[in-house]
Amino acid sequence: MNVLVTGGAGIIGSNFVRLALAERAAWRIVVVDALTYAGNLENLAGIEAGFPGRYRFVKADVADAPAVEKIFAEEKPSLVVHFAAESHVDRSVLGPMDFVRTNVLGTATLLDAARKAWREKPGRFLQVSTDEVYGALGETGAFAEATPIAPSSPYSASKASADMLALAYHRTFGLDAVITRCCNNYGPYQFPEKLIPFMISRFVDGEKLPVYGNGMNVRDWIHVDDHNRGVLLAIEKGRAGEVYNLGARCERKNIDLVRSLLELLLKARGVAAEKLESRIAFVKDRPGHDWRYAIDPSKAERELGFRPEVPFEEGLAKTVQWYVENEKWWRDVQSGAYRDYVAKVYGGQTSE
Ligand code: NAD
Ligand code: TYD
C-alpha cells in the first residue's frame with residue numbers, strides 16, 4: 001500500500017513515519033515535504049536504511065498542483081496523511097499569507113489531486129488538524145467535535161479553512177476524508193520555536209524564559225507518539241466525513257509547565273535552585289492569545305478505541321532528556337533566519 005505523508009520532515013510527520021513503518025509492515029511511505037524552515041531531513045535520518053525499499057522522499061510544495069499531480073501519477077497512493085502546514089501561531093501573526101498559501105491552497109491542491117486520481121479506485125484522505133480551530137475556552141468546558149469553529153489566529157483560521165475544504169470534498173464529491181483535531185504536541189524533533197523546546201534552548205543558552213502575559217493560559221498536552229497512534233486509528237477505523245478530537249486530558253497552565261521544565265533542567269544540568277525562578281520573564285502577551293484549550297476525546301475513545309499511553313510527567317522528563325542529549329540537533333536547526341525571527345518577536349519585550 002502506497003501512502004503519501006505530507007510534511008514528513010516536521011516533528012509530527014517524522015515521528016509518524018517512524019511509527020507507521022515499524023507498525024504497518026504493508027506500508028510503503030512517500031514523504032512529500034517542501035523543507036521550509038521547519039522541515040529537517042535529519043528528522044528522517046536512518047529511515048531509508050532501517051526500512052529498505054519502503055521509503056521515498058520527494059521535495060515538493062503541496063500548493064504546486066503540477067508537482068502534486070505528478071506524485072499522484074507516479075506513486076498511485078491509496079492513502080494521503082496530510083501533516084504539511086505552516087504550524088506556528090506567532091509566525092502567523094508576523095506573516096499570515098504563507099499560512100493561507102500552504103494550509104488553505106496546499107490542502108485544496110492535495111484534495112483536488114486526490115479527487116482526480118481516485119475516481120475509479122477511491123483512497124482515503126486523513127486531514128491532520130488542530131483543536132485551535134475551535135478558538136478559546138474560558139475556565140470550564142472542553143472542545144467536542146460539535147463545538148462551533150471560531151479560530152482566533154491566522155494559523156487556526158487557515159487550518160479551519162482546510163478542514164472545511166476536506167469536509168466539502170467529502171459532501172460534494174464523495175471523497176473519503178477523515179479529520180483529526182489534536183491538542184498541543186510535545187516530543188523529540190520539535191522545532192525550537194514551540195514552547196517546550198524553545199524554553200529548553202533558552203535555558204541552556206542562559207537566557208530568560210519569556211512567558212506571555214501572566215502565564216495563566218492553559219494548553220492541553222499530548223505526546224507526539226500518542227497523537228500519531230490516534231492518527232493511525234482514525235485512518236483504520238474512522239468514518240468518512242467525520243471529525244475526531246485527539247487529546248490526553250492533560251491541561252497545564254503555561255507557568256506551571258515552565259516551572260516543571262525548570263525543575264527537570266535543574267536535575268539534568270545542575271543549576272542552583274534559587275536561580276531558577278529569576279530565569280522567568282513575563283513578557284507582552286501574544287495578540288489574540290487563546291486563553292484555554294481542552295479536548296474532549298471521548299468520541300475517539302469510544303469509536304476508535306483511542307487510549308493515550310504516555311503519562312505526561314514521564315513523557316516530559318524523557319523529552320527534556322532528549323533535548324539535552326541532542327543539543328547538536330537543535331543548534332543545527334537554529335538557522336540565521338530563526339535567529340532574526342527570535343530577535344523580531346522578543347526583542348525589547350521583557351518586563352525588566
Ligand atoms: P512542523 O512545523 O514541525 O512541520 C511542518 C512540516 O511541513 C515541515 O516539514 C515543513 O517543511 C512542511 N511544509 C510546510 N509547508 C509546506 C508546503 N507548502 N509543502 C510541503 N511541505 C510543507 O509542524 P508539526 O508540528 O509537525 O505539525 C504537523 C501538522 O499537525 C500540522 O498540520 C499542524 O497543523 C498539525 N498539528 C500540530 C500540533 C502541534 O502541537 N504541533 C497540534 C495539532 C495539530
Ligand atoms: P506554542 O508552543 O506556540 O503553541 P500554541 O500557541 O499553538 O498553543 O505555545 C504554547 C503556549 O505557550 C501558548 O499559550 C503560548 C505560550 N508561549 C509562551 O508563553 N512563551 C513562548 O515563548 C512561547 C513560544 C509560547
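**Entry 1: the shell around ligand 1**

I looked up which element gives the largest share of the shell around ligand 1, and it is S5, with three residues. The model is predicted, so I kept the ground rules at hand: local features need pLDDT of at least 70, side-chain atom pairs count only at pLDDT 80 or more, and totals for chains, interfaces and linings use all residues. Residues are numbered from 1 along each chain as its sequence is written, chains are lettered from A and ligands numbered from 1 in the order in which they are written, and side-chain values use heavy atoms, with hydrogens and water left out.

I found 29 residues around ligand 1, with Asp33, Ser87, Tyr155, Lys159 and Asn185 the closest; a residue is near when one of its heavy atoms lies within 4 Å. By class, I noted 15 nonpolar, ten polar and four charged residues in this shell. Nonpolar here covers Ala, Val, Leu, Ile, Met, Phe, Trp, Tyr, Cys and Pro, charged covers Asp, Glu, Lys and Arg, and the others, Gly among them, are polar.

Next I went through polar contacts (pairs of N or O atoms within 3.5 Å). The side chain of Ser87 has an N or O atom 2.7 Å from an oxygen atom of ligand 1. Asp61 places a polar side-chain atom 2.9 Å from a nitrogen atom of the ligand. I then checked the cover: of the 830 Å² of accessible area that ligand 1 has on its own, the protein covers 97% (Shrake-Rupley method, 1.4 Å probe). Helix H1 (11–23), strand S5 (124–130), helix H6 (154–173) and strand S7 (184–186) are the elements that give two or more residues to the shell; helices are DSSP runs of H or I with at least four residues, strands runs of E with at least two.

**Entry 2: H5 and H6**

I followed H6 to a neighbour. Helix H5 (residues 96–117) packs with H6 at about 15°, the axes 8 Å apart. H5 and H6 are therefore roughly parallel to each other, a label for angles under 35 degrees.

**Entry 3: ligand 2**

Which residues come nearest to ligand 2? I got Glu132, Pro210, Arg219, Arg286 and His289, out of 18 residues around the ligand. Alone, ligand 2 exposes 510 Å², and the protein buries 97% of that.

Key
Polar contact = N/O pair within 3.5 Å; in protein donor to acceptor, adjacent residues only side chain to side chain. Axes fitted to C-alpha atoms, helices over the stretch in contact; angles between N-to-C directions. Parallel < 35°, antiparallel > 145°, perpendicular 65-115°, else oblique.
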